[in-house]
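The structure is shown first.

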Amino acid sequence: PRSWSLLTVASQETDGFRRFLRSAKHFNYTIKVLGGGETWEGGDYISPPGGGQKVRLLKSALEDIQEENKVILFVDSYDVIFSSGPKELLKKFQQAKHRVVFSAETLIWPDRHLEDKHPHVREGKRFLGAGGFIGYAPNLKKMVSDWSGADSDSDQLYFTKIYINPEKRKSINITLDSKCRLFQNLHGALDEVVLKFEDGRVRARNVLYDTLPVIIHGNGPTKLQINYLGNYIPNLWTFETGCTICNENLRPLSGLQSEYPVVVIGIFIQQPTPFVTVFFERLLNLKYPKNRIQLFIYNQESHHEPHVRTFLEYHESEYQGVKLIGPEEDIDPVTSRNIGFEMCRDNIDCEYFFSIDVDVVLKNEDTLRILIELNKPFIAPMMTKPGRLWTNFWGALSADGYYARSEDYVDIVQGHRVGLWNVPYVSHIFLIKADALRTDLKDPDLFESATLDPDMAFCSKVRNKGVFMFVTNMHTYGRVLSTENYQTNHLHNDLWQMFENPVEWEERYIHENYSKVLKDAFIETPCPDVYWFPVFTDVACKHLIEEMEHFGQWSGGGNVDNRIQGGYENVPTIDIHMNQIGYEKEWHKFLLDYVAPVTEQMYPGYYTRAQFDLAFVVRYKPDEQPALRPHHDASTFTINIALNQVGIDYQGGGCRFLRYNCSIKAPRRGWALMHPGRLTHYHEGLPTVEGVRYIVVSFVDP
């Protein structure tokens, strides 16, 4: 053909339309868009019938075209992607040796009774699909000349009736692209289509007919599959280039912080959750001007009221505004999310809503800035759980709308494929443009569904409104906590999180220099065979002291002690045992994970099982028990950790090893002394003369 043009119908610029345009521009297609500015009357394009508006628009567009040899390609747009260029398309059209070629379907729709009237094909699909066709202008004109239907009538039915009429089929000269050489409709054909990675580009391949279709159409209920293919085709992500769209259409946040977009951050506390104080610390550390942030805090848990209160007491004034909904207001979680959205919708300055559940560990302080710069209507940072394939997104959905693993899921989670991914489900944390909340997502029932949980209902509504949910793994952003088995019956419940959330526990409670102890021998020897190394953070020390004082049942310091075997203590102290506060399992794990490796490095050839009968916190006070007479410990080796600071919390104190006449008088908070318990290391506790001194002592391998 001497000239040709591409027509499509679109009434608004959706994410799907932008995807269509990008793939078209990539191959240098020029597009004429019909119906821009018209509201869509052609029925809901996800369910039949409808589409008459497309025929009307096509008919009037064809009236202006006079050339005999002009070829017109007509395709849907929101759910269509180009997989190759015009040259290949026109060549394949010529090879079809017909004046009009329609896409073909596996399934007949919308009228099953017409099945027998369709001519049989030797190989391939025999039903017509109205979502894509190509033909010479005069023939197309002839085909739509008698259209007089309503906008909501079915274009599919109209074209089908022309095709199954032998006279019309012949006079207009129509055939179907039965083997998907030009058009691939996905409905009823999902098993036929795979991604084909070529050099620096990606296209779809039909494995049933071994063809490479030029145009891919996610018709009917295959929106999720076209989204999946559209993450790659034609070049969005390739093995050679990685992600190519990650640097397109960005919104760089340079310039004055006073001009940063206003963000409402919604924080949702819906169940007892560990490390809530840490959550607020991380929120404070977000690199984003606080006077451009409004906080919406929904807390359903009275257990967390003190945490929220403390945070607001110190920091509320730094933010542009704060709205708090507490447990006493008795507002259900779904309503709270709508109120959060409203807070952004109603504020003319609000440009984004950033939703974060309190079990999110936001490690990356740049998260909010990164997400805003990516400039998508809806975007979520990928969050993981340590040592698991779990993330806050699903790559695919099962038939009943639950989790299914997409082919690329593991590669994305493990960072082998990095980029922006249009996925069917995200949770826990996402950024959404206020524009989207005020238009496509303005309904008050976004979280409601007869069958689905609120989070799944929300994602399904967002998808059905044509808003793409992107997840990005271009950086590491953080993790999600495990909230199972979180007990709230202690003062500092996070201390008990060693098993459920070991990574968070270690970050909170193990000294930042502990890792150097084994790696760089970051260890001191203040006395012969006495080793001194950092193990607890200040927070760990503070929490252990407060936990013990909160429990409050200190022993009397006498020789009679019913807590131990035999009931008699030769060298009594005023103390509380770990098993009295239910901490013995955790303490054993602490010894195994953090003490045993140091022991085995410092005393080569000795392998500890980290067994202990006794682990306890001791309190020394001038007017109570200030010191401890010389003694041996009932242990192979002993661990003794200082929990507070000499010179600040108390005066005096320390430990003296008599055989070596060697004293450690300035114990450091959080540092452990490790020494043999018997024979050589006869020792005494030096008197505390002022204040209160706390230590934690553990007799290992008695």
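## Cavities, helix packing and backbone features

Helices α15 (502-509), α17 (538-551) and α18 (584-602) each supply at least two residues of the lining of the second largest cavity. The model discussed here is a predicted one. The lining of this second largest cavity is made up of L495, W505, Y509, F536, A540, L544, Y583, W587 and F590. By residue class it divides into nine nonpolar, no polar and no charged. The volume of the second largest cavity is about 50 Å³.

Rolling a probe the size of a water molecule over the atoms shows where empty space is left. In this model, the count comes to six cavities of 30 Å³ or more. The largest cavity has a volume of about 60 Å³. Its lining consists of W532, N640, I641, A642, C655, I664, P667, R668, W671, L673, R693 and I695. Strands β33 (637-642), β37 (671-676) and β40 (693-700) each contribute at least two residues to the lining of the largest cavity, and β33 provides the largest share, three residues. The lining residues of the largest cavity divide into nine nonpolar, one polar and two charged.

| Cavity | Volume | Lining classes |
|---|---|---|
| Largest | about 60 Å³ | nine nonpolar, one polar, two charged |

An unreviewed UniProt entry carries the annotation "domain: Fe2OG dioxygenase" for residues 611-702. Over residues 611-702, the chain is 0% helix and 53% strand.

Elsewhere in the chain, a pair of helices is in contact. Two packed helices are described by the angle between their axes and the distance between the axes. Helix α2 (residues 52-63) packs against helix α5 (residues 155-163) at an angle of about 65°, and their axes are 7 Å apart. Angles of 65 to 115 degrees count as roughly perpendicular, and α2 and α5 are therefore roughly perpendicular to each other. On the α2 side the contact involves G52, K54 and V55, which meet D155, Y158 and F159 in α5. The residues of this contact divide into three nonpolar, one polar and two charged.

The remaining features concern the backbone. Most residues other than glycine have a negative phi, and most peptide bonds are trans. The peptide bond from W109 to P110 is cis, with omega near 0°. P110 is placed in the loop between β5 (100-105) and β6 (127-136). I233 and P234 are likewise joined by a cis peptide bond, for which omega is about -5°. The loop that holds P234 runs between α7 (223-229) and β12 (237-238). N28, a residue other than glycine, has a positive phi, near 60°. N28 lies in the loop between α1 (15-26) and β2 (31-34).

Definitions and conventions: Residues numbered from 1 in each chain as written. Predicted model: local features only at pLDDT ≥ 70, side-chain atom pairs only at ≥ 80, totals over all residues. Heavy atoms only, no water. Axes fitted to C-alpha atoms, helices over the stretch in contact; angles between N-to-C directions. Helix = DSSP H or I, 4+ residues; strand = E, 2+ residues; numbered from the N terminus. Parallel < 35°, antiparallel > 145°, perpendicular 65-115°, else oblique. Contact = heavy atoms within 4.5 Å. Nonpolar A, V, L, I, M, F, W, Y, C, P; charged D, E, K, R; others polar. UniProt positions renumbered as here; feature names shortened; annotations may be inferred. 1 Å grid on protein atoms, 1.4 Å probe; cavity = no way out; pocket = protein on both sides within 12 Å on 5 of 7 lines; lining within 4 Å. Points joined across faces, edges and corners; volume = space filled by probe spheres on them.
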